[in-house]
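Q: I have a structure open here and would like to go through some of its parts. Could we start with one of the helices?

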Amino acid sequence: MSQQAQPQEASEPETPHLDFAGTTPYEDYVKADVLTHLQHTLSDDPGEMVFLVTTQVMELWFTVIVHEWETAAQALRQDRVPVAIDALKRSVRELDALNASWRPLGQLTPAQFNSYRSALGEGSGFQSAMYRRMEFLLGEKSASMLVPHRGAPRVHAELEKALHEPSLYDEVLRLLARRGHAIPSAVLERDISRRYEPSAEVESVWTAVYAGDAGDEIARLGEALTDVAELVWRWRNDHLVATRRAMGAKAGTGGSAGVAWLEKRAQKNVFPELWTARSHV
């Protein structure tokens, strides 16, 4: 009886290309060596490293979210609503990841935070230029928030430009007006360098949109914006809870009122009429 043929041994996968003349193509693209050498702690406490890295990760998420919202604003100016909705939906996933950044910090006890808090000096998250650009895109504008950046000319110029450009919501309201909705001229012609204030007439427009076809392009845009607004609210509340847990009612670094200031911020909704209109549908 002939011997049964033995199954051939599975061949090893080919070894990837390992020999490069300089740095790897991955490093050339990602700049991982730069990113992983930006951590310079200022205390001997081992917990400071996670605080520093988490804060840096937050800055990267701010950057990509600003990119998405600027993409959406540009698409709205061009009446390309599906492109804007796609960018907003991507930003929702990115906001989820940003909000998850609070998890490594959310369990800090006062003693743990105090062990390296002095290393922050007057540093505070409200000084983040990229976060300020996020807030400006949401319509939360204030010229006074440029003051901390006067010593950094490029950053100051970028923020000043963003202050005087239409917010994401401004572009939405202009789109609604072009589509025949009754957005009042006082809203369309307002000083866009100031904080957006709710309008009863805009609320009525959103009420009519939501009372109509749920599959309508504008209604879908409204829901994408509401998803964004909900996660911005969650971000603010998670920030509040993490701060309250770590430092109670103490004054914040950088001279802010700490928890009291964050409580005031957490009470505000962005794109306000998208929330209030729901009571009238």
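A: In this predicted model, the buried residues of helix H8 are Leu168, Tyr169, Asp170, Glu171, Val172, Leu173, Leu175 and Leu176.

Q: How many residues of helix H8 are buried, out of how many?

A: Helix H8 covers residues 168-178, and eight of its 11 residues are buried, so the helix is largely enclosed by the rest of the structure.

Q: And which residue with a positive phi follows H8?

A: That residue is Gly180, with a phi near 95°.

Q: Changing topic, what about H11: what span should its residues give?

A: Helix H11 runs over residues 217-247, which is 31 residues.

Q: Which residue caps the N-terminal end of H11?

A: Asp216 does, through a side-chain oxygen that lies 3.0 Å from the backbone nitrogen of Ile218. After H11 comes Gly248, whose phi is positive, near 60°.

Q: Where does His149 lie?

A: His149 is in the loop that links helix H6 (129-137) and helix H7 (153-163).

Q: Is His149 buried or exposed?

A: His149 has 9% relative accessibility; the cut-off for buried is under 20%, so His149 counts as buried. Leaving out residues up to four places away in sequence, its contacts include Gln127, Val155 and Leu159.

Q: Which residues does UniProt list for "binding site"?

A: An unreviewed UniProt entry lists Arg117 and Thr253. Arg117 is part of helix H5 (residues 110-117) and is buried, with a relative accessible area of 16%.

Terms used. Residues are numbered from 1 along each chain as its sequence is written. This is a predicted model: local features need pLDDT of at least 70, side-chain atom pairs count only at pLDDT 80 or more; totals for chains, interfaces and linings use all residues. Side-chain values use heavy atoms; hydrogens and water are left out. Helices (H or I, at least four residues) and strands (E, at least two) are DSSP runs, numbered from the N terminus. Buried means under 20% relative accessible area, exposed over 50%, partly exposed in between (1.4 Å probe, protein chains only). Contact means heavy atoms within 4.5 Å. UniProt positions are given in the numbering used here, feature names are shortened, and annotations may be inferred rather than shown by experiment. The expected span of a helix is 1.5 Å times one less than its number of residues. A polar contact is a pair of N or O atoms within 3.5 Å; within protein, one must be able to donate a hydrogen and the other to accept it, and residues adjacent in sequence count only if both atoms are side-chain atoms.
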